[in-house]
Amino acid sequence: LYEKGVYLVFVGYKSIRNFKFDKIYSSLGSEVRSKIILFSNLDDSELQWLYANCTFFVYLSIAEGFGLPIFEAVMHRKPVIITESSVMRDYTFLKKSMVKMLDTYRISDWDLERKIALALEGSLYSEAELEEIRKYVMNRYDWWSVAQKHVAAFRGDLLDLASRSGQ
């Protein structure tokens with residue numbers, strides 16, 4: 001992809017040393033490494049700029065809690081490529097772009113390459129589909145309704161606890 005002028009951008013904290021990544025990265029020629037950008041400690045405006053200007057977004061976590069970056073990319077109408085693992089399995093609105101898991105820790109390289117190729121040519125999702133996904137996320141995961149559900153669950157737990165203790 002670097003031959004086509006495509007940049008690979010990594011964003012995040014390097015909290016756990018990844019010797020395999022370090023070895024692969026250091027073995028690459030300088031021409032390839034010049035197309036790989038590593039960012040950390042970005043502020044919100046820098047992150048928003050990256051979301052707005054990326055061609056597509058890849059999030060290959062195998063043990064994600066919620067995946068907020070996925071939703072941020074969706075809100076910018078970007079094709080999102082994710083794994084079919086963890087909580088992301090529930091994001092059926094992104095089913096077309098889920099990369100198959102071979103087992104608990106390995107993804108299908110072939111499937112990932114296919115999804116990236118489709119995203120690069122602009123055929124993974126149409127503009128209309130990206131807008132539909134954005135609207136779905138806005139309606140289903142807005143902060144107010146999520147907060148209300150949590151408060152209701154919390155109150156229900158308190159009421160249940162009070163009734164069991166005889167109060």
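Mentor: Start with a cut-off: contact means heavy atoms within 4.5 Å. By that rule S85 touches S61, I62 and M101, leaving out residues up to four places away in sequence. Keep in mind that this is a predicted model.

Trainee: Where does S85 lie, and why is S85 called buried?

Mentor: S85 lies in the loop between β4 and β5. Buried means under 20% relative accessible area. S85 has 6%, so the label buried holds.

Trainee: What confidence does the chain carry?

Mentor: The mean pLDDT of the protein chain is 86, and 92% of its residues reach 70 or more. Helix α3 (residues 44-53) is highest, at a mean of 96, and helix α7 (residues 143-164) is lowest, at 66. Where pLDDT is low, predicted coordinates should not be read in detail.

Trainee: Which residues does K96 touch?

Mentor: Leaving out residues up to four places away in sequence, K96 touches K115, L124, Y125 and E129.

Trainee: How do you know that the side chains of K96 and E129 make a polar contact?

Mentor: The pair must be N or O atoms within 3.5 Å, one able to donate a hydrogen and the other to accept it. The side chains of K96 and E129 are joined at 3.0 Å, so the distance passes.

Trainee: What makes a set of residues a nonpolar core?

Mentor: The members are buried, come from a list of nonpolar residue types, and are joined through side-chain atoms within 4.5 Å. The largest such core here has 28 residues. I70, V80, I81, I82, Y91, F93 and L94 have the most contacts inside it. Elements giving two or more residues to this core include β3 (57-59), β4 (80-83) and β5 (98-99). The largest share, four residues, comes from α4.

Trainee: Which residues does I70 touch?

Mentor: F57, Y59, V80, I82, M88, Y91 and L94 touch I70, not counting residues up to four places away in sequence.

Trainee: How do you know that the length of α5 agrees with its residue count?

Mentor: Take 1.5 Å times one less than the number of residues. For the twelve residues of α5 that gives 16 Å, and the end C-alpha atoms are 16 Å apart, so the two agree.

Trainee: Which residues of α5 are buried, and why are they said to line one face?

Mentor: D111, L112, K115, I116 and A119 are buried. Seen down the axis of α5, they fall within an arc of 135°, so they line one face of the helix. An α-helix has 3.6 residues a turn, so residues three or four places apart point the same way. The buried residues of α5 pack against β4 and β5. On the other side, D109, W110 and E113 are exposed.

Trainee: How do you know that the same reasoning fits α6?

Mentor: The 14 residues of α6 should span 20 Å, and its end C-alpha atoms are 20 Å apart, which agrees. L130, E131, I133, R134 and V137 are buried in α6. They fall within an arc of 160°, so they line one face. What covers them includes α4. E132 and N139, on the other side, are exposed.

Trainee: What makes N41 stand out in its phi?

Mentor: Most residues other than glycine have a negative phi. N41 has a positive phi of about 60° although it is not a glycine. N41 sits in the loop between β2 (36-39) and α3. At 59% relative accessibility, over the 50% cut-off, N41 counts as exposed. R77 has a positive phi too, near 55°. The place of R77 is the loop between α4 and β4. With 36% relative accessible area, R77 is partly exposed.

Conventions:
Residues are numbered from 1 along each chain as its sequence is written. This is a predicted model: local features need pLDDT of at least 70, side-chain atom pairs count only at pLDDT 80 or more; totals for chains, interfaces and linings use all residues. Side-chain values use heavy atoms; hydrogens and water are left out. Buried means under 20% relative accessible area, exposed over 50%, partly exposed in between (1.4 Å probe, protein chains only). The arc is that of the directions from the helix axis to the C-beta atoms. pLDDT is the predictor's confidence in each residue, from 0 to 100.
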